[in-house]
Each structure stands twice: as structure tokens, then as C-alpha cells.
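Dear colleague,

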Amino acid sequence: MIQYNSTNIRVWSLLGQSRAFGNTLLELAKENEKIIAVTSDLAKVAGLDRFGKTFPDRLINTGIAEQNMVGIAGALATEELIPFAISFASFSTMRACEPTRHFLGYMQRNVKLVGISSGFATGIFGNTHYCKEDFAIMRSISGVVILSPADCTELVKAIEASVNYNGPVYIRLTGQMNNPIVYKDDYTFEIGKAIKLKSGDDITIIATGSMVYNSLKASEILEHKGIKASVIDMHTIKPLDTSIIDNEIRSSKLIVSVEEHSKIGGLGGAIAEHLSSLQQHPTLLRLGIEDEFQNAGNYLYMLEQNQLLPEQIASNVQKKYLSLKLNSNVSV
């Protein structure tokens, strides 16, 4: 059984989400002989070195052939195994999109597709490896759960939940080593149930993945400026927890979505789709990756170019909030 103690949580953080994934899968595989790892030549990057040495017959390397990776995983799932198919997020969701649609969506195979190094995590590898479209792609495939853990602790929770969930799941990993810690203690994780991390009466920030930590820091900056913000960890992109959104819009004057994904088709798009079905709702400010291919740089540089650092998030939220206050007949 995995122990959620301060030592493990710190180690997972130091490793980063990709390598923490491999270590976690190994521990779970010791307890569950149905777990199989299938990867497209990324065993080392995904932290699966020890997994392969411990269970050489349960690690399959397809080579750089993501379509085959998903197809093999689908076949293994028909034998009542629990295959985790692992590659860079850009290749898992785009290069292997058609077999993912067929095997995970249409045929509902019990495959756990893992997209490592999503967003800008690959740094100077550039736009061929950046992945800002995976939420949009995977959301459009029927019947696939989408998980986006805020930190390495939540990653471990997401993997455990995926093993226990009978159906296709896409797990999106972001960030780099020394991954900021959001959850310092054990807690309850439930697929489709968002977590409210902080309460505030003025606005609600709904974040996912790496942007949960940045949004918490942004909320601290806003608080010093007299703006109280709730912060919600929307770790499940599909099915979206609409009940927590409905609860927040009763009191918030502004809803903000923050994601290391394109502003189009991701968390912000999912929230907008839900709000469009309501007669009344607050303004939605969507913060995310711009709809353009930008010059490549290191991870923090790319976040900065897209206004996704805590200070930038706080600044953009403050501007929008004050604009609403200035132009509203009703005091916010």
C-alpha cells in the first residue's frame, strides 16, 4: 500500500510527475498482477526503469510507434489486464488519435493512456513536442475520463483511482522536476469531484494541473490587494464537476479558468460550455496558452510568454475584476 507521508510526498515532488509516475506504477504492480506498462520507447523518461527490471515480462516497448502502442494496449485490455500506455502527450493524443478513438472511445477498452510532459514541459524541444491540444482532442472522444493532477501527490492518487476505475482514462502529466507541492498530506480523491482549496467571496479561480499551484500563489497576491479569491482544483476535466461551478457562481462576481493548455477546447472551454446552458452567470475569464505557435524556450520562459506565472495571473484577474466593477451598475 502506498504511504502518503511527508517523505514520500517530498520524493515524488523532487522526481517530477513523469518519474513519480513510474515509481508509483511499480508499487501498484506489486499488489496487482494485472497492471501492464506499454511504452513507445520512453521507459526511462517515464521512470519505468525499476518497473522493467522488476517485471520484465510486464513492460512492453513498442518503439516509436504510438498507434501500435495503443492497439497493443487495447488488445491486452481484452484479456482483463490493466494496461497503461505511456508516451509524450503530443504523440499519445495526436499521433495515436484514431486508435485511441476506436479502442478507448468506441470499444471502451480498459486502457489508461498517459501523456507525459504535456504543456511546455519539454522546454527547448519546441513546438513539435509541446502539447496544448490534448484536452480538446480527448474531450471530443466519447466515454474517456480525463485526469489532470495538480502535483505529484495528486498524480499518485490519480493513478490509484485509474487502476480501480473500469474504463478508459487519459492522465495528463505536466511540469518538471521539483514539482511544486499542493497537497502536503493524505486526502480523499474522487474522479469527477473537484476540490476547493481556498475560499473567497469575490471571485473563483478554477485551475487544473500545474496551474493549481500558480493560482494559489496568485490568490495570495490578490488577497494583499483586497480581492478574495476561491481556488478550485479541477483535477477531472471529463466528466466536469458542474455542481461545484454552480455553487460558486451563486456568490462570485467573476469566474477564472487557468490551464497550461490552449484557451480553446480545454478547461476554460468546458466551463464556458456549461455556463452557456444557464440563464445567468458571472463573466468567465479564460487564461491559458495563446492560440499561436511561439518561439521555443525553457519551461518558465514559455509560461511567462503566456501570462501563466502567479504574478501575471493575479494581474490579469485584477484588471478584469476592476473593469467589471467600473462598468457595472451593481457594486462588485
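Helix α1 (residues 6–31) holds both E27 and K30, which lie 3 residues apart, about one turn of the helix; helices here are DSSP runs (H or I, at least four residues), strands likewise (E, at least two), numbered from the N terminus. Please bear in mind that this is a predicted model, in which local features need pLDDT of at least 70 and side-chain atom pairs count only at pLDDT 80 or more, while totals for chains, interfaces and linings use all residues. Residues are numbered from 1 along each chain as its sequence is written, and side-chain values use heavy atoms, with hydrogens and water left out.

The side chains of E27 and K30 form a salt bridge at 3.2 Å, N to O, the term meaning a side-chain nitrogen of Lys or Arg within 4 Å of a carboxyl oxygen of Asp or Glu. E27, at 31% relative accessibility, is partly exposed, as is K30 at 48% (buried means under 20% relative accessible area, exposed over 50%, partly exposed in between, with a 1.4 Å probe and protein chains only).

The whole structure contains 10 salt bridges. Another of them joins D186 and K157 at 2.6 Å, N to O; D186 lies in the loop between β6 (169–172) and β7 and K157 in helix α7 (residues 152–164), so the pair ties together parts that are 29 residues apart in sequence. D186 is partly exposed at 47%, whereas K157 is buried at 11%.

K198 and E223 also meet in a salt bridge, at 3.1 Å, N to O, linking strand β7 to helix α8 (residues 211–224).
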